[in-house]
Every structure is written in structure tokens, then in C-alpha cells.
Amino acid sequence: MKKRSFMAMALAATLVPGVALAHGPTRQKITLTTEVAAEPAEVWARIGDFQDMSWHPAVHSSTGENGNEIDATRVLSLGAADGPTISEILYKYSAEKMSYSYRITDVLVEVLPVTNYSSHLTVKARDGGGSLIEWRGAFYRGYPNNDPPEDLNDEAAIAAVSAVYQAGLDALTTAFGAPDS
């Protein structure tokens, strides 16, 4: 009896490391910020409408339904009228806190190499005047299994989302100006 117990424990011990290595992708998180000279209310007036993402240079147009209500939807056309699209849904909105949260409901991984993406955009008052704009997201890479191709791995997902955020934040800095230090 003792011999069987020992064998079972030995077998289990050899399988555990293999199970630990087969964990799959992990949730990635990024946060990018920028500071602008305009006051928060002015910035929020420009970016606070979930239906209008015309302030982002990659967005050719956006259409949607239900304004800033929870479960409102939007479809972003990228680059040109016939460009690729990203469909999103709003799940949190606060004009008072100048923030909203949304998630992607449909995008090709060739367009944005992520899955299970959610994002939060907020505007806050900056010490000394102006605004701090924060854009953060959480997502999984575009390839859900182990050994992803290079264009769908964690690094590709982080780089792609960072580039999207940085382009938008740079456009807002250009539009509102950088604050005086």
C-alpha cells in the first residue's frame, strides 16, 4: 500500500511542472498619460462624447447608438471610409468624474492584435493648472494559445495598444498645448 502511495505522489510530482508551464496568455495592462494646458472641462468637452472619437488621428469616422448611455455602441472606421473597423460598447460613464470605460466587441487581430480588451479614459485637474489625461487598458494578446506567432504575442499587443494610445494623447497635446512647467 505504501509503495502505491509513493508511486502516485512521484507521478503527480512529475506532472505538476508541465501543468504549470501550460498556463497560456496573461492579462496585459498599460497606462499612458499626457498633460495639457487646457482646463479639464474644455478637454472633456472634446473627448467626453463616446460617440465622437474624431479627435484621434487614426479614426476616419465613428457611428453609434445611444449616446453616452450604458451599453451605447460605436463603430470606428480607421484610416478611410472603407478602412477596417473596431466595434465597442460603453459600460461605465461619468460626466461628473470626466471618465468612461468601454470594451471592444469586435476587431480583427490583424487590425489590433488583442482579445478581451477593455479601456478607461479620464480627465483630471493638474496641479498648477491644465489637465492630466489618462488612458489605460487591459487585454490579452491576439493569439490565445501557447507559442503565439510574433505578430500576435504579448509584446505585439502591448506595442499596438501603446501606439494607439500615444497617437491619441499626442493629438490632444497638439490640440490643447503642453502646460507651462
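**Charged and aromatic contacts in the predicted model**

Glu150 counts as exposed, at 71% relative accessibility, where exposed means over 50% relative accessible area, buried under 20% and partly exposed in between (1.4 Å probe, protein chains only). The structure is a predicted model, in which local features need pLDDT of at least 70 and side-chain atom pairs count only at pLDDT 80 or more, while totals for chains, interfaces and linings use all residues. Residues are numbered from 1 along each chain as its sequence is written, and side-chain values use heavy atoms, with hydrogens and water left out.

Glu150 is located in the loop between strand E7 (131–141) and helix H3 (154–176); helices (H or I, at least four residues) and strands (E, at least two) are DSSP runs numbered from the N terminus. On the surface, Glu150 gathers with Glu110, Asp151 and Glu155 in a patch of negative charge. Patches consist of residues with over 30% relative accessible area and no salt bridge, like charges being joined within 9 Å and nonpolar side chains (Val, Leu, Ile, Met, Phe, Trp, Tyr) within 5 Å. Asp and Glu count as negative and Lys and Arg as positive, with His and the chain ends not counted. The place of a charge is taken as NZ of Lys, CZ of Arg, CG of Asp or CD of Glu. Accessible areas come from the Shrake-Rupley method with a 1.4 Å probe, and for residues only the protein chains shown count as cover.

Four salt bridges are present in the structure, each defined as a side-chain nitrogen of Lys or Arg within 4 Å of a carboxyl oxygen of Asp or Glu. One of them joins Glu35 to Arg126, with 2.9 Å between the closest N and O atoms. Because Glu35 lies in strand E1 (residues 28–36) and Arg126 in the loop between strand E6 (114–125) and E7, this pair ties together parts that are 91 residues apart in sequence. Glu35 is partly exposed at 36% relative accessibility, whereas Arg126 is buried, with a relative accessible area of 18%.

Another salt bridge is formed by Arg136 and Glu134, whose closest N and O atoms are 2.8 Å apart. Arg136 is partly exposed at 36%, and Glu134 is buried at 13%. Arg141 and Asp154 also form a salt bridge, with a closest N and O separation of 3.7 Å. Arg141 belongs to strand E7 and Asp154 to helix H3, so the pair connects parts that are 13 residues apart in sequence. Both residues are buried, Arg141 at 7% and Asp154 at 16%.

A search of the whole structure gives ten aromatic pairs. Rings of Phe, Tyr and Trp (its six-membered ring) pair if their centres lie within 6.5 Å; planes under 30 degrees apart count as stacked, over 60 as edge-to-face and the rest as tilted. Trp44 and Tyr93 make a tilted pair, at 5.8 Å centre to centre and 45° between the planes. Trp44 in helix H2 (residues 40–47) and Tyr93 in strand E4 (residues 85–94) are 49 residues apart, and their pair links distant parts of the chain. Trp44 is buried at 11%; Tyr93 is partly exposed at 23%.

Trp55 and Trp135 likewise form a tilted pair, with 5.6 Å between centres and 55° between the planes. This pair links distant parts of the chain, 80 residues apart: Trp55 lies in the loop between H2 and strand E2 (59–65), and Trp135 in strand E7. Trp55 and Trp135 are both buried. Ring pairs also link Trp44, Phe50, Tyr93, Tyr100, Tyr102, Tyr117 and Phe139 into a cluster.
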